[in-house]
Amino acid sequence: MIERPLYTEKIRQCIKTPFIKVITGVRRCGKSTLLLLTQQYLRDNGIREDQIVSINFESMKYYSLRDAHSLYTYVANMLASRTEMVYLFFDEIQIVDSWEEAVNSLMVDFQVNIFISGSNSHLLSSELSTLLTGRFIRIEIQVLSFREMLDFQRSTAEQEVSDELLWKFIRRGGFPAIHVGEYEEEVVYTILRDTYDSIVLRDVVHRYKIRDIDLLNRIMRFVIESIGHTISAKKIADYFKSQYRSVDISTIYTYLDALVSSYILRKVQRYDIQGKEILKTQEKYFLADQGMQHALFGYRDHHISGVLENIVYLELVRRGYAVYIGKLGKLEVDFVAERRDQLVYIQVAYKLENETTIEREFSPLLRIRDSYPKFVVTMDPDFTDTISGVRHVSLRRFLLDTSLF
């Protein structure tokens with residue numbers, strides 16, 4: 001197992017707290033490995049093996065525990081005579097019906113430290129919030145960052161970060177399974193397509209009882225084709241209408257919400273920079289991993305700007321920013337990122353090939369009259385010049401240099 005310090009440190013900092021540790025993220029992003037790393041950390045720090053109880057609910061071994069009463073009874077029998085702290089690890093717990101009740105009862109009745117993981121945002125639904133208000137800490141896991149991919153491939157020296165490695169990340173994405181060995185591209189895309197299918201079928205179709213799987217896939221493909229562009233349910237409905245298929249807008253919203261809940265899609269709202277308010281229409285959607293776009297469609301040149309936006313968005317979220325699409329009159333700023341009292345404005349482009357492109361990318365940022373950092377991120381090599389305080393940086397540097405902002 002390869003360490004992921006960004007997340008292992010977050011968990012270790014809260015191990016001794018009396019809160020449930022809730023690990024969320026898209027399927028196959030590394031949640032199970034993170035739980036195993038945490039168990040190993042406990043062993044290395046004096047916790048006995050019999051103080052650790054680990055259950056992966058995707059295993060048929062624990063099929064009989066997929067309801068709250070069975071789970072509680074099983075674990076309670078193990079804990080009945082215990083006087084010391086016991087560490088409980090429940091992997092993919094959303095499989096268990098009414099699992100919140102079992103976890104709440106275990107917290108009330110025994111001396112336990114609980115870690116749970118799941119591939120659905122409803123882990124933090126109103127039911128969980130009501131039962132466990134103020135008693136859980138959420139840690140969201142993403143696929144590998146570019147830096148983590150280099151760590152996986154033992155290529156951490158800056159001089160080793162070649163264009164080939166950057167393009168490998170752009171095309172293949174960051175699911176850990178495809179970076180633990182050297183695979184041919186077709187094998188990688190087979191793994192990604194299988195990952196997509198498992199998310200759609202198990203975390204969307206099954207959980208939300210989706211009947212029209214073909215429609216779900218068509219909506220997903222429309223969104224993927226539109227990465228980097230604002231869309232709405234009406235726009236999707238109009239597209240289907242042009243294909244001589246009538247789809248109710250409420251159905252589209254339901255399917256989009258299901259895809260977002262599974263973490264395969266992330267919805268980003270627009271923010272009026274002048275009015276200082278979040279807007280309710282014309283969101284953008286980004287993928288949990290850019291490699292899925294290439295796995296489903298193959299590499300297409302016209303996708304590249306949207307793919308780069310996807311990568312920048314995920315990196316901002318990874319660094320703890322709340323991210324919005326900026327609206328400035330009739331202009332758009334790709335990202336307005338907020339963390340505590342700090343703002344960062346970012347435009348993303350493939351290359352600054354001519355004066356028209358430079359004007360298009362820099363103009364919105366130059367119209368913002370505050371002193372927060374402003375960047376244009378592209379695939380062009382770095383240069384040190386700025387335009388009235390707006391800095392141009394390469395994607396490579398943006399992903400590796402955390403001191404930029």
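Contact means heavy atoms within 4.5 Å. This is a predicted model, in which local features need pLDDT of at least 70 and side-chain atom pairs pLDDT 80 or more, while totals for chains, interfaces and linings use all residues. Residues are numbered from 1 along each chain, and side-chain values use heavy atoms, without hydrogens or water.

Q: Which helices do the buried residues of α10 pack against?
A: Helix α10 (a DSSP run of H or I, at least four residues) spans residues 233-242 and buries Ala-233, Ile-236, Ala-237 and Phe-240 (under 20% relative accessible area, 1.4 Å probe, protein chains only). Seen down the axis, these residues fall within an arc of 100° (directions from the axis to C-beta atoms), so they line one face of α10. That face packs against α9 and α11.

Q: How is α9 oriented relative to α11?
A: The axes of α9 and α11, lines fitted to C-alpha atoms over the stretch in contact, lie 10 Å apart at an angle of about 75°. Because 65 to 115 degrees is the perpendicular range, α9 is roughly perpendicular to α11.

Q: Which residues of α11 meet α9?
A: From α9 come Leu-215, Leu-216, Ile-219, Met-220 and Val-223. Their partners in α11 are Thr-251, Ile-252, Tyr-255, Leu-256 and Leu-259.

Q: Which residues of α9 make the contact with α8?
A: Helices α8 (residues 185-208) and α9 (residues 213-225) pack at about 120°, with axes 12 Å apart. From α8, Tyr-196, Val-200, Leu-201, Val-204 and Val-205 take part. The α9 side consists of Ile-213, Leu-216, Asn-217 and Met-220.

Conventions
Axes are lines fitted to C-alpha atoms, for helices over the stretch in contact, and angles run from 0 to 180 degrees between N-to-C directions. Helices (H or I, at least four residues) and strands (E, at least two) are DSSP runs, numbered from the N terminus. Buried means under 20% relative accessible area, exposed over 50%, partly exposed in between (1.4 Å probe, protein chains only). Angles under 35 degrees count as roughly parallel, over 145 as roughly antiparallel, 65 to 115 as roughly perpendicular and the rest as oblique.
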